[in-house]
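Good morning, and thank you for coming. I shall present one structure today, and I ask you to keep the display in view while I speak.

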Amino acid sequence: MSASAISAPSGEPQRVTRFAPSPTGELHLGNARTALFNLLLARNAGGRFLLRIEDTDAERSLDSYTTALMADLRWLGIDWDAGPDREDERGPYRQSQRGTLYAQQFAVLERQDVLYPCFCSPPELELSRRAQLSAGKPPRYAGTCRDLTPAERARRQAQGLAATLRFRVPRGERVTFVDFVHGPQSFLTDDIGDFVVRRADGSAAFFFSNAVDDAFMGVTQALRGEDHLTNTPRQLLILAALGLAAPAYGHVSLIVGADGTPLSKRHAAVSLREYRERGYQPLALANHLFRLGHSTPLHGLLTLAEMARAFDAAHLGRAPSRFEEQQLGVWQKEAVHHLSADAARAWLAPLLPVGLDERVTDAFIAALLPNVVLPEDARPWVDIVFGGPPALEPAVEEVVRNAGAGYFSAAAAAAARSGNDLSAIADAVRAATGRQGAALYMPLRAALTGRAHGPELAPLLRAMPAGKARERLARFA
RNA sequence: GCUCCCUUCGUCUAGAGGCCCAGGACAUAGCCCUCUCAAGGCUGUAACACGGGUUCGAAUCCCGUAGGGAGCGCCA
């Protein structure tokens, strides 16, 4: 669905959402879901979706992560109206390139005296935090530099001490807002310590750059992880001091593992890359994510466009959602079964022997697709169908032994006559032995594949190179 | 420690005082179909964390308890 397929109700400002990752690692499930939800939230109202890279931490941010992030998002089917590779007048979309704007806004705040330089060193701050914690108190900034006189500030500056800029949080006030997922929220400013808005190296800190960018980029709805909920008052304070409009904030619960603890490598693969490499379909992942912490009356595999139409922020969950790979597997199976012939070929091609005839390839895939969830499920069948005669697994040894020589000589003869036509072979065996049902088919399956279970025999046989079937049947004659 | 968030079947969830001895989907069990598996059809098992209130009536409102999570960073 294109952004213009649904137009915003006239008179209402266009909805703008964003995904704002920091390029300090691989895109993981939680972030991918946040991105998806924001995309859907925008598209649902015919709005715009932005991608902003929060790379203010020069030490940890890597360009390669940004590139990978964008590739992962696109793989999932998420595309943005504006972003680092699609700049517009609200950009640039990399925070590392927005220093001028931040400097202007710092100046606005400095004029109001809501900012003050803090000369405390990281070790000092760490010490203070630890002391407070062990005294059973909240580890907040102690306010050491809050009320320095101009002379004291000048003296420290003269010593060459690098200063951060802190936000002077007012005392005794209450910050309220309506979280569009959780409802009304209220925080006391006395519980909030003065926080850093500009680092000693001059770069903008998260609370500041994130809030300012949302305002200047015209973001109307910021849907993010619940870990940001208690930080929201700080950002509201900044925006209020700047006289900028805040977006509506909504916080989705975190994704947890099967045991209810925060999702980690211990539970499952957490990066999108791993799922992609294991052969998961992007649509499978999107469908699972769509229903994780979000509910819809719709059943079955949905396209991104359908998800956008059905997305409803009112049905965003407040409780943490457990990520279970088994559930993802259900969507994966659905997605695989819905694969077009071309897509299925592309999906399984890496497993197939090179130089295979196109018709054989297609027959093989058609036979196998209903029985596989991941490419690895198809792997053994490549050998069974295209390799040498398969050894019998123990479960079917007796099936073959009990069939009797007449069974297989009839089968082999039919195979020689009619090629890999299952019904011709079955007819011949039926005529020769009088068998029917499982007694008729199981020895064929066993001799042909070595296994008791597998894809349907007729299509599988069509994929098998000529002569192979006859050879396999003849070996028990 | 302080502040905040959360708690309905195994899982994702519906539910905004009577429509709920709680509905759906997936998972799971049984049956049917069937050469096996898968698919499909039918049937079933299965949950309001706990304790107090308020009310004629509570999954829904209030208080508390327990458990889980987040934040309190010159990380985002």
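Predicted model: local features only at pLDDT ≥ 70, side-chain atom pairs only at ≥ 80, totals over all residues.

Let me begin with a question: is Asp113 buried, partly exposed or exposed? Asp113 is partly exposed, because its relative accessible area is 45%, and the term covers values between buried, under 20%, and exposed, over 50%, found with a 1.4 Å probe on protein chains only. Asp113 lies in the loop between helix 3 and strand 3 (115–118). Its phi is near 65°, a positive value in a residue other than glycine. When I speak of helices and strands, I mean DSSP runs numbered from the N terminus, with helices (H or I) of at least four residues and strands (E) of at least two.

Residues are numbered from 1 along each chain as its sequence is written, chains are lettered from A and ligands numbered from 1 in the order in which they are written, and side-chain values use heavy atoms, with hydrogens and water left out.

I turn now to helix 3 and helix 6. The axes of helix 3 (residues 99–111) and helix 6 (residues 206–216) come within 11 Å and cross at roughly 105°. Such axes are lines fitted to C-alpha atoms, for helices over the stretch in contact, and the angles run from 0 to 180 degrees between N-to-C directions. The two helices, helix 3 and helix 6, are therefore roughly perpendicular; angles under 35 degrees count as roughly parallel, over 145 as roughly antiparallel, 65 to 115 as roughly perpendicular and the rest as oblique.

Which residues meet there? On the side of helix 3 they are Leu101, Tyr102, Gln105, Phe106 and Leu109, and on the side of helix 6 they are Phe208, Ser209, Val212, Asp213 and Phe216. Contact here means heavy atoms within 4.5 Å. Sorted by class, this contact of helix 3 with helix 6 has seven nonpolar, two polar and one charged residues. In that sorting, Ala, Val, Leu, Ile, Met, Phe, Trp, Tyr, Cys and Pro count as nonpolar, Asp, Glu, Lys and Arg as charged, and the others, Gly among them, as polar.

Next, the aromatic rings. A pair of aromatic rings is described by the distance of the centres and the angle of the planes. Rings of Phe, Tyr and Trp (its six-membered ring) pair if their centres lie within 6.5 Å; planes under 30 degrees apart count as stacked, over 60 as edge-to-face and the rest as tilted. The structure holds 12 aromatic pairs. One of them is the stacked pair of Phe106 and Phe208, with 4.1 Å centre to centre and 15° between the planes. This pair links distant parts of the chain, since Phe106 belongs to helix 3 and Phe208 to helix 6, 102 residues apart. Both Phe106 and Phe208 are buried. By contrast in geometry, Tyr407 and Phe408 form an edge-to-face pair, 4.8 Å centre to centre and with 65° between the planes. Ring pairs also link Phe167, Phe195, Phe206 and Phe207 into a cluster.

Let us look at Glu54, in the loop between strand 2 (48–51) and helix 2 (63–76). Glu54 counts as buried because its relative accessible area is 7%. Not counting residues up to four places away in sequence, Glu54 touches several residues, including Phe206 and Asn210.

How many of the 11 residues of helix 7 (residues 232–242) are buried? The number is 10, and helix 7 is mostly covered. Just after helix 7, Gly243 takes a positive phi of about 70°. The peptide bond from Gly91 to Pro92 is cis, with omega near -5°, and Pro92 lies in the loop between helix 2 and helix 3.
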